[in-house]
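Q: Can you walk me through this model? I'd like to go over a helix, some salt bridges and the pockets.

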Amino acid sequence: MSIIRVSNLSKTYASGFSALKSVDLEIRRGEIFALLGPNGAGKTTLISIICGLVNPTSGSVLADGHDIIKDYRAARARIGLVPQELTTDAFETVWATVSFSRGLFGLPRNPAHVERVLKDLSLWDKRDNRIMTLSGGMKRRVLIAKALAHEPQILFLDEPTAGVDVELRQDMWKLVRRLREDGVTIILTTHYIEEAEEMADRIGVISKGEIILVEDKAELMRKLGKKQLSLSLLEPLAALPEGLATYDLALAAEGEELVYTYDTKAERTGITSLLQDLATAGIRFRDLRTSQSSLEDIFVSLVRERH
């Protein structure tokens, strides 16, 4: 069941720049969805349209069944947004600004909910501090608290850990996991690949305003993940022997290393027969190691293929 449905969405700015081109996307209820893409790919534009901050040129978006334009208030009430920029009311206290954010959505006061959010984000001790006195990391926590003040069902995190310390990153992921357990759908944009690799259920890749792939993370890793076996040779080779031409082999490190690439989803890796054929050819090695391509390798190759 999808909680967000984006249909044929395009955005062209007055300058003529086309930020989004006929984007279709469905986000499932209760999942963590990572939207990956290089800077300028259209991630923030897409989020801004869904959150009602930017008007689309064409297409439609439903948030929990509500059209974001025709039924703006109902759609927006279901969404929490943590923006990239640190925009806060500098002279307000933490408690006041988070409580005010709740009031903006017409919700009654709920000090217990605000208290829980502040405690979850390690902000409780700072509740009476003015925001201008806080560090950058603490201000980022306040933005997250504000986004959660009205108990949204959908939470957008736009580059949530860009430039934040490791401790905040850990706290944030703990909170994200707990929110998901509570049934909140989380969409994060990031260019930190390891973040998506660790957190996401599904991954979408956007490049130059187009969604080029949406896939379950495990399936993406399985489909595109290549493994490599690297053999450190006892004696360097000038060229690959003809008898090994059937293998996907390459020489590296000036002939001192032999690299064998194989498919992780194939029934047989071919390693056993390769080692036998190497022995037959009289090629000896002192060490071997395997490595698997990370999501970053996959992402880079996907984006490169398209341009």
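Q: How many residues has H5, and how far does it reach from its first C-alpha to its last?
A: H5 has 13 residues and reaches 19 Å between those two atoms. That is close to the 18 Å expected at 1.5 Å a residue. The expected span is 1.5 Å times one less than the number of residues. Helices (H or I, at least four residues) and strands (E, at least two) are DSSP runs, numbered from the N terminus.

Q: What sort of model is it, and how are residues numbered?
A: It is a predicted model, where local features need pLDDT of at least 70, side-chain atom pairs count only at pLDDT 80 or more, and totals for chains, interfaces and linings use all residues. Residues are numbered from 1 along each chain as its sequence is written, and side-chain values use heavy atoms, with hydrogens and water left out.

Q: Back to H5. Mostly covered or mostly open?
A: Mostly covered: 11 of the 13 residues in H5 are buried. Buried means under 20% relative accessible area, exposed means over 50%, and partly exposed is in between (1.4 Å probe, protein chains only).

Q: Which ones are buried in H5?
A: Among them are Gly137, Met138, Arg140, Arg141 and Lys146. Val142, Leu143 and Ile144 are also on the list.

Q: What covers them?
A: The cover on the buried residues of H5 includes E6, H3, H4, E7 and H6. Contact here is heavy atoms within 4.5 Å.

Q: Switching topic. How many salt bridges?
A: The count comes to 12. The rule is a side-chain nitrogen of Lys or Arg within 4 Å of a carboxyl oxygen of Asp or Glu.

Q: What does arginine 78 meet?
A: Arginine 78 meets aspartate 64 in a salt bridge, at 3.1 Å, N to O. Arginine 78 lies in the loop between helix H2 (72-77) and strand E6 (79-82), and aspartate 64 in the loop between strand E4 (58-63) and strand E5 (66-67), so the pair ties together parts 14 residues apart in sequence.

Q: How accessible are arginine 78 and aspartate 64?
A: Arginine 78 is partly exposed, at 27% relative accessible area. Aspartate 64 is partly exposed too, at 24%.

Q: And what about glutamate 151? Which arginine does it pair with?
A: Glutamate 151 pairs with arginine 102 in a salt bridge, at 2.8 Å, N to O. Glutamate 151 sits in the loop between helix H5 (136-148) and strand E7 (154-158), while arginine 102 is in helix H3 (residues 94-104), so this pair links parts 49 residues apart in sequence.

Q: Is arginine 102 buried or exposed?
A: Buried, with a relative accessible area of 6%. Glutamate 151 is partly exposed, at 41%.

Q: What about lysine 119?
A: Lysine 119 forms a salt bridge with glutamate 115, at 2.6 Å, N to O. They are four residues apart in helix H4 (residues 111-120), which means about one helical turn separates them. Lysine 119 is partly exposed at 44%, and glutamate 115 is partly exposed at 27%.

Q: Which residues do shared partners join into one network?
A: Arg116, Asp120, Arg178 and Asp182.

Q: Now pockets. What is the volume of the largest pocket?
A: About 330 Å³. On a 1 Å grid over the protein atoms alone, a pocket is an open set with protein on both sides within 12 Å along at least five of seven lines. A cavity is a set of points where a 1.4 Å probe fits but cannot get out. Lining residues have an atom within 4 Å of a point. Points are joined across faces, edges and corners, and a volume is the space filled by probe spheres set on them.

Q: Which residues lie nearest the centre of the largest pocket?
A: Arg76, Leu81, Pro83, Ser101 and Lys146, out of 17 lining residues. H3 gives the largest share of that lining, four residues.

Q: And the second largest pocket? Which residues lie nearest its centre?
A: His113, Arg116, Glu151, Leu179 and Asp182, from a lining of 13 residues. The volume of this pocket is about 230 Å³.

Q: What lines the largest cavity?
A: The lining includes Leu25, Phe33, Ile47 and Phe156. H1 gives the most, three residues. The volume of this cavity is about 40 Å³.
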